[in-house]
Amino acid sequence: MSLRGRTAVQPRRPTLEGSVAVRDGRRLSFAEYGSPRGPALVWMHGTPGARRQIPIDARRYAAEAGLRIIGIDRPGIGSSSPYLYPNLLDWTQDLELLLDALAVDKVRVIGLSGGGPYALAAGAGLAHRVEGVGVLGGVAPTRGPDAAAGGIIQLAVHAAPLLAATRVPLGVALTGAIRAVRPLAGPGLDLYAAVQPAGDKTLLGRPEFKAMFLDDLLNGSRFQTSAPISDLVLFTRDWGFALADVDVPVRWWHGDDDHIVPFRHGQHCVDRLPNATMTTIDGESHLGGLGIAHQVLDELMALGQAAE
(Lines give C-alpha, C1' and ligand atoms only; values in the text may rest on other atoms or scores of the structure.)
Protein backbone atom coordinates (compact mmCIF):
# COMPACT_ATOMS: atom_id res chain seq x y z
CA MET A 1 0.00 0.00 0.00
CA SER A 2 1.61 3.25 -1.08
CA LEU A 3 1.33 6.34 1.07
CA ARG A 4 2.15 8.76 -1.72
CA GLY A 5 -0.47 11.41 -2.28
CA ARG A 6 -1.83 11.27 1.23
CA THR A 7 -1.89 14.30 3.47
CA ALA A 8 1.40 14.66 5.31
CA VAL A 9 1.27 14.33 9.09
CA GLN A 10 3.87 16.06 11.24
CA PRO A 11 3.99 14.76 14.82
CA ARG A 12 4.15 17.40 17.52
CA ARG A 13 7.43 17.71 19.33
CA PRO A 14 7.66 16.28 22.87
CA THR A 15 6.63 18.53 25.75
CA LEU A 16 10.11 18.02 27.20
CA GLU A 17 13.23 16.48 25.71
CA GLY A 18 16.75 16.16 27.12
CA SER A 19 19.22 13.84 28.82
CA VAL A 20 20.23 12.93 32.37
CA ALA A 21 23.49 11.74 33.89
CA VAL A 22 23.75 8.04 34.75
CA ARG A 23 26.67 5.83 35.79
CA ASP A 24 30.27 6.12 34.61
CA GLY A 25 29.86 9.59 33.15
CA ARG A 26 27.27 8.44 30.60
CA ARG A 27 23.94 10.03 29.74
CA LEU A 28 20.49 8.71 28.81
CA SER A 29 18.24 10.86 26.64
CA PHE A 30 14.48 10.98 26.94
CA ALA A 31 11.33 12.56 25.52
CA GLU A 32 8.17 13.35 27.49
CA TYR A 33 4.56 13.60 26.34
CA GLY A 34 1.44 14.58 28.26
CA SER A 35 1.29 16.07 31.75
CA PRO A 36 4.59 16.79 33.55
CA ARG A 37 2.93 16.07 36.90
CA GLY A 38 0.75 13.11 35.99
CA PRO A 39 1.21 9.40 36.75
CA ALA A 40 4.35 8.27 34.93
CA LEU A 41 4.77 5.56 32.34
CA VAL A 42 8.12 4.71 30.74
CA TRP A 43 7.82 3.57 27.11
CA MET A 44 10.68 1.37 25.83
CA HIS A 45 11.07 1.47 22.05
CA GLY A 46 11.49 -1.52 19.75
CA THR A 47 14.59 -2.71 17.92
CA PRO A 48 15.34 -0.53 16.02
CA GLY A 49 13.78 2.56 17.51
CA ALA A 50 14.36 5.60 19.71
CA ARG A 51 12.66 7.80 22.29
CA ARG A 52 9.93 9.18 19.99
CA GLN A 53 8.62 5.75 18.95
CA ILE A 54 5.33 6.34 20.77
CA PRO A 55 2.03 6.19 18.84
CA ILE A 56 0.16 9.44 18.25
CA ASP A 57 -2.89 7.83 19.92
CA ALA A 58 -0.81 7.21 23.06
CA ARG A 59 0.41 10.82 23.10
CA ARG A 60 -3.18 12.04 22.72
CA TYR A 61 -4.30 9.72 25.52
CA ALA A 62 -1.56 11.14 27.76
CA ALA A 63 -2.66 14.72 27.11
CA GLU A 64 -6.35 13.97 27.70
CA ALA A 65 -5.90 11.71 30.76
CA GLY A 66 -3.15 13.74 32.44
CA LEU A 67 -0.62 10.93 32.00
CA ARG A 68 3.14 11.46 31.74
CA ILE A 69 4.72 9.20 29.08
CA ILE A 70 8.52 9.08 29.04
CA GLY A 71 10.31 7.55 26.05
CA ILE A 72 13.96 6.62 26.63
CA ASP A 73 16.78 6.22 24.12
CA ARG A 74 18.79 3.12 24.86
CA PRO A 75 22.59 3.50 24.86
CA GLY A 76 23.87 4.08 21.35
CA ILE A 77 20.83 5.83 19.87
CA GLY A 78 19.79 9.46 19.99
CA SER A 79 21.81 11.33 22.60
CA SER A 80 22.33 8.34 24.91
CA SER A 81 25.99 7.46 25.39
CA PRO A 82 27.07 4.24 23.64
CA TYR A 83 27.39 1.35 26.08
CA LEU A 84 26.88 -2.40 26.22
CA TYR A 85 25.38 -3.58 29.51
CA PRO A 86 26.70 -6.87 30.92
CA ASN A 87 23.09 -8.04 30.97
CA LEU A 88 19.58 -6.63 30.75
CA LEU A 89 19.08 -6.41 34.51
CA ASP A 90 22.04 -4.03 34.80
CA TRP A 91 20.22 -1.36 32.77
CA THR A 92 17.71 -0.92 35.60
CA GLN A 93 20.37 0.90 37.64
CA ASP A 94 20.49 3.57 34.93
CA LEU A 95 16.69 3.63 34.79
CA GLU A 96 16.50 4.29 38.51
CA LEU A 97 18.87 7.24 38.18
CA LEU A 98 16.77 8.65 35.34
CA LEU A 99 13.59 8.28 37.41
CA ASP A 100 15.27 10.05 40.33
CA ALA A 101 16.40 12.91 38.07
CA LEU A 102 12.88 13.34 36.69
CA ALA A 103 11.32 13.18 40.18
CA VAL A 104 9.38 10.00 39.37
CA ASP A 105 8.59 7.73 42.31
CA LYS A 106 6.15 5.07 41.11
CA VAL A 107 6.00 4.11 37.43
CA ARG A 108 4.55 1.70 34.92
CA VAL A 109 6.80 0.41 32.13
CA ILE A 110 5.80 -0.75 28.67
CA GLY A 111 8.00 -2.26 25.97
CA LEU A 112 7.41 -2.93 22.29
CA SER A 113 9.19 -5.92 20.72
CA GLY A 114 12.86 -5.46 21.69
CA GLY A 115 11.72 -3.08 24.44
CA GLY A 116 9.82 -5.94 26.08
CA PRO A 117 12.88 -7.51 27.76
CA TYR A 118 13.85 -4.10 29.17
CA ALA A 119 10.34 -3.62 30.58
CA LEU A 120 10.48 -7.07 32.20
CA ALA A 121 13.93 -6.28 33.63
CA ALA A 122 12.45 -3.18 35.26
CA GLY A 123 9.76 -5.35 36.82
CA ALA A 124 12.40 -7.68 38.22
CA GLY A 125 14.96 -5.12 39.34
CA LEU A 126 12.78 -2.22 40.47
CA ALA A 127 9.72 -3.97 41.88
CA HIS A 128 9.57 -1.36 44.68
CA ARG A 129 8.89 1.36 42.07
CA VAL A 130 7.28 -0.45 39.13
CA GLU A 131 3.54 -0.90 39.55
CA GLY A 132 2.94 -2.80 36.35
CA VAL A 133 4.57 -3.93 33.11
CA GLY A 134 3.09 -4.01 29.63
CA VAL A 135 4.63 -5.96 26.75
CA LEU A 136 3.67 -5.61 23.09
CA GLY A 137 4.95 -8.57 21.08
CA GLY A 138 8.06 -8.83 23.26
CA VAL A 139 11.19 -10.86 22.58
CA ALA A 140 11.55 -14.03 24.67
CA PRO A 141 14.71 -15.28 26.42
CA THR A 142 17.16 -17.31 24.33
CA ARG A 143 19.27 -18.78 27.16
CA GLY A 144 18.59 -20.91 30.22
CA PRO A 145 15.38 -22.61 31.36
CA ASP A 146 13.20 -19.69 30.17
CA ALA A 147 14.47 -19.92 26.58
CA ALA A 148 11.93 -20.19 23.76
CA ALA A 149 13.01 -22.22 20.73
CA GLY A 150 12.87 -21.04 17.12
CA GLY A 151 11.97 -17.66 15.66
CA ILE A 152 14.03 -15.06 13.83
CA ILE A 153 15.91 -14.27 17.04
CA GLN A 154 17.83 -17.52 16.57
CA LEU A 155 19.73 -15.83 13.75
CA ALA A 156 21.10 -13.38 16.31
CA VAL A 157 21.95 -16.25 18.67
CA HIS A 158 24.19 -17.80 16.02
CA ALA A 159 25.71 -14.43 15.09
CA ALA A 160 26.15 -13.19 18.69
CA PRO A 161 29.96 -13.65 18.93
CA LEU A 162 30.48 -11.76 15.67
CA LEU A 163 28.02 -9.03 16.64
CA ALA A 164 29.72 -8.52 19.99
CA ALA A 165 33.19 -8.34 18.41
CA THR A 166 32.18 -5.91 15.65
CA ARG A 167 29.53 -3.89 17.49
CA VAL A 168 31.31 -0.53 17.21
CA PRO A 169 32.21 -0.63 13.48
CA LEU A 170 28.81 -2.08 12.65
CA GLY A 171 27.18 0.83 14.46
CA VAL A 172 29.28 3.34 12.52
CA ALA A 173 28.40 1.63 9.23
CA LEU A 174 24.70 1.53 10.08
CA THR A 175 24.70 5.22 10.99
CA GLY A 176 26.40 6.08 7.70
CA ALA A 177 23.93 3.96 5.73
CA ILE A 178 20.92 5.66 7.34
CA ARG A 179 22.38 9.10 6.65
CA ALA A 180 22.90 8.15 3.00
CA VAL A 181 19.28 7.07 2.51
CA ARG A 182 17.60 9.82 4.59
CA PRO A 183 16.06 11.45 1.48
CA LEU A 184 14.51 8.08 0.60
CA ALA A 185 13.24 7.25 4.08
CA GLY A 186 9.57 7.75 3.20
CA PRO A 187 9.57 5.58 0.04
CA GLY A 188 11.76 3.07 1.87
CA LEU A 189 9.15 2.69 4.61
CA ASP A 190 6.51 2.27 1.88
CA LEU A 191 8.53 -0.58 0.38
CA TYR A 192 8.94 -2.21 3.79
CA ALA A 193 5.21 -1.95 4.43
CA ALA A 194 4.43 -3.50 1.05
CA VAL A 195 6.08 -6.82 1.98
CA GLN A 196 4.64 -7.09 5.51
CA PRO A 197 1.67 -9.23 6.59
CA ALA A 198 -1.75 -7.64 6.34
CA GLY A 199 -1.84 -6.35 9.92
CA ASP A 200 1.42 -4.43 9.80
CA LYS A 201 0.78 -3.30 6.23
CA THR A 202 -2.52 -1.71 7.30
CA LEU A 203 -0.99 -0.01 10.33
CA LEU A 204 1.95 1.36 8.35
CA GLY A 205 -0.56 2.60 5.79
CA ARG A 206 -1.95 5.04 8.33
CA PRO A 207 -0.30 8.46 7.81
CA GLU A 208 0.10 9.16 11.52
CA PHE A 209 2.03 5.91 12.05
CA LYS A 210 4.28 6.53 9.07
CA ALA A 211 4.99 10.05 10.33
CA MET A 212 5.77 8.77 13.83
CA PHE A 213 8.16 6.08 12.61
CA LEU A 214 9.98 8.45 10.24
CA ASP A 215 10.30 11.19 12.85
CA ASP A 216 11.65 8.69 15.39
CA LEU A 217 14.08 7.03 12.97
CA LEU A 218 15.50 10.22 11.50
CA ASN A 219 15.73 12.03 14.84
CA GLY A 220 17.16 9.09 16.76
CA SER A 221 19.80 8.16 14.19
CA ARG A 222 21.24 11.64 13.61
CA PHE A 223 24.40 10.92 15.62
CA GLN A 224 24.68 7.15 16.19
CA THR A 225 22.93 3.84 15.61
CA SER A 226 24.65 1.14 17.66
CA ALA A 227 21.72 0.46 20.00
CA PRO A 228 20.03 -2.19 17.77
CA ILE A 229 23.24 -4.20 17.65
CA SER A 230 23.67 -3.98 21.42
CA ASP A 231 20.06 -5.14 21.80
CA LEU A 232 20.72 -8.26 19.73
CA VAL A 233 23.82 -9.07 21.77
CA LEU A 234 21.95 -8.67 25.06
CA PHE A 235 18.93 -10.69 23.93
CA THR A 236 21.22 -13.65 23.21
CA ARG A 237 22.87 -13.54 26.66
CA ASP A 238 21.53 -14.59 30.02
CA TRP A 239 19.25 -11.68 30.95
CA GLY A 240 20.44 -11.51 34.57
CA PHE A 241 17.02 -12.47 35.93
CA ALA A 242 14.48 -15.26 35.50
CA LEU A 243 10.92 -14.66 34.36
CA ALA A 244 9.86 -16.02 37.76
CA ASP A 245 11.60 -13.01 39.34
CA VAL A 246 9.11 -10.57 37.81
CA ASP A 247 6.58 -10.38 40.65
CA VAL A 248 4.80 -7.22 39.50
CA PRO A 249 1.65 -7.55 37.34
CA VAL A 250 2.41 -8.06 33.64
CA ARG A 251 -0.05 -7.53 30.81
CA TRP A 252 1.07 -8.97 27.49
CA TRP A 253 -0.46 -8.24 24.08
CA HIS A 254 0.59 -10.28 21.04
CA GLY A 255 -0.66 -10.52 17.48
CA ASP A 256 -1.61 -14.07 16.52
CA ASP A 257 -0.03 -13.53 13.09
CA ASP A 258 3.26 -12.07 14.39
CA HIS A 259 5.98 -12.88 11.85
CA ILE A 260 8.89 -11.42 13.85
CA VAL A 261 8.30 -12.76 17.37
CA PRO A 262 6.08 -15.87 17.15
CA PHE A 263 2.90 -15.78 19.23
CA ARG A 264 4.03 -18.97 20.96
CA HIS A 265 7.06 -17.08 22.31
CA GLY A 266 4.73 -14.61 24.02
CA GLN A 267 2.59 -17.37 25.47
CA HIS A 268 5.76 -19.18 26.59
CA CYS A 269 6.76 -16.11 28.63
CA VAL A 270 3.30 -15.48 30.05
CA ASP A 271 3.13 -19.09 31.24
CA ARG A 272 6.35 -18.54 33.22
CA LEU A 273 5.61 -15.13 34.68
CA PRO A 274 4.05 -15.29 38.19
CA ASN A 275 1.38 -12.62 37.61
CA ALA A 276 0.72 -12.22 33.89
CA THR A 277 -2.16 -12.32 31.43
CA MET A 278 -2.11 -12.66 27.65
CA THR A 279 -4.35 -10.70 25.31
CA THR A 280 -4.39 -12.05 21.78
CA ILE A 281 -4.67 -9.40 19.09
CA ASP A 282 -6.65 -11.29 16.47
CA GLY A 283 -5.43 -11.02 12.89
CA GLU A 284 -2.56 -8.68 13.75
CA SER A 285 1.14 -9.10 13.19
CA HIS A 286 4.19 -7.66 14.94
CA LEU A 287 3.13 -4.03 15.36
CA GLY A 288 -0.47 -4.75 16.30
CA GLY A 289 -0.08 -3.51 19.87
CA LEU A 290 0.67 0.00 18.63
CA GLY A 291 -2.77 0.18 17.06
CA ILE A 292 -4.64 -0.37 20.34
CA ALA A 293 -2.84 2.22 22.47
CA HIS A 294 -5.98 3.41 24.28
CA GLN A 295 -6.90 -0.11 25.41
CA VAL A 296 -3.33 -0.90 26.42
CA LEU A 297 -2.88 2.28 28.46
CA ASP A 298 -6.29 1.95 30.12
CA GLU A 299 -5.42 -1.53 31.36
CA LEU A 300 -1.84 -0.76 32.31
CA MET A 301 -2.68 2.40 34.23
CA ALA A 302 -5.29 0.51 36.24
CA LEU A 303 -2.55 -1.68 37.71
CA GLY A 304 -1.54 -0.61 41.17
CA GLN A 305 -4.37 1.88 41.59
CA ALA A 306 -5.92 -0.05 44.45
CA ALA A 307 -2.78 0.58 46.49
CA GLU A 308 -2.55 4.29 45.63
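What follows is a short tour of the fold and some of its contacts.

First, some ground rules. This is a predicted model, so to speak of local features we need pLDDT of at least 70, and side-chain atom pairs count only at pLDDT 80 or more, while totals for chains, interfaces and linings use all residues. Residues are numbered from 1 along each chain as its sequence is written, and side-chain values use heavy atoms, with hydrogens and water left out.

Let's begin with the sheet. Eight strands make an open sheet of mixed pairing, in the order 1-2-4-3-5-6-7-8. Strands and helices here are DSSP runs numbered from the N terminus (strands: E, at least two residues; helices: H or I, at least four), and two strands pair if DSSP finds at least two bridges between them. At the edges sit strand 1 (16-21) and strand 8 (276-281), each pairing on one side only. From one strand to the next, the twist averages 20°.

Strand 1 and strand 2 run antiparallel, paired over six bridges, with Ser19 opposite Ser29 in strand 2. Strand 3 (residues 40-44) and strand 4 (residues 68-72) pair in the parallel sense over five bridges, and there Ala40 stands opposite Arg68 in strand 4.

Helix 1 (residues 56-65) lies across strand 2 (27-34), strand 3 and strand 4, and runs at about 65° to strand 2. Helix 10 (residues 263-272) also packs on the sheet, where it touches strand 7 (250-255) and strand 8, its direction making about 160° with that of strand 8. These angles run from 0 to 180 degrees between N-to-C directions, with axes being lines fitted to C-alpha atoms, for helices over the stretch in contact. Contact, here and below, means heavy atoms within 4.5 Å.

Which residues of helix 10 are buried? They are His265, Gly266, His268, Cys269 and Val270, where buried means under 20% relative accessible area, exposed over 50%, and partly exposed in between (1.4 Å probe, protein chains only). The buried residues of helix 10 pack against helix 4, strand 7 and strand 8. Leaving aside residues up to four places away in sequence, Leu273 touches Leu120, Leu243, Val246, Val250 and Trp252.

Helix 4 has another partner to look at. Two packed helices are described by the angle between their axes and the distance between the axes. For helix 4 (residues 153-165) and helix 9 (residues 227-235), the axes come within 8 Å and cross at roughly 110°. That makes helix 4 roughly perpendicular to helix 9, a label that covers 65 to 115 degrees (under 35 is roughly parallel, over 145 roughly antiparallel, and the rest oblique). Helix 4 brings Ile153, Ala156, Leu163 and Ala164 to the contact, and helix 9 brings Ile229, Leu232, Val233 and Phe235.

Phe235 turns up again among the aromatics. Rings of Phe, Tyr and Trp (its six-membered ring) pair if their centres lie within 6.5 Å, and planes under 30 degrees apart count as stacked, over 60 as edge-to-face and the rest as tilted. The count by this rule is four aromatic pairs. One of them is Tyr118 with Phe235, edge-to-face at 6.3 Å centre to centre and 70° between the planes. This pair links distant parts of the chain, with Tyr118 in helix 3 (residues 116-125) and Phe235 in helix 9, 117 residues apart. Tyr118 is buried at 2% relative accessible area, and Phe235 is buried at 2% as well.

Finally, the backbone. Most residues other than glycine have a negative phi, and most peptide bonds are trans. Asp24, in the loop between strand 1 and strand 2, has a positive phi of about 60° although it is not a glycine. Asp24 is exposed, at 66% relative accessibility. Ala103 has a positive phi near 60°, and lies in the loop between helix 2 (91-101) and strand 5 (107-112). Ala103 is exposed, with a relative accessible area of 69%. The peptide bond from Thr47 to Pro48 is cis, with omega near 0°, and Pro48 belongs to the loop between strand 3 and helix 1.
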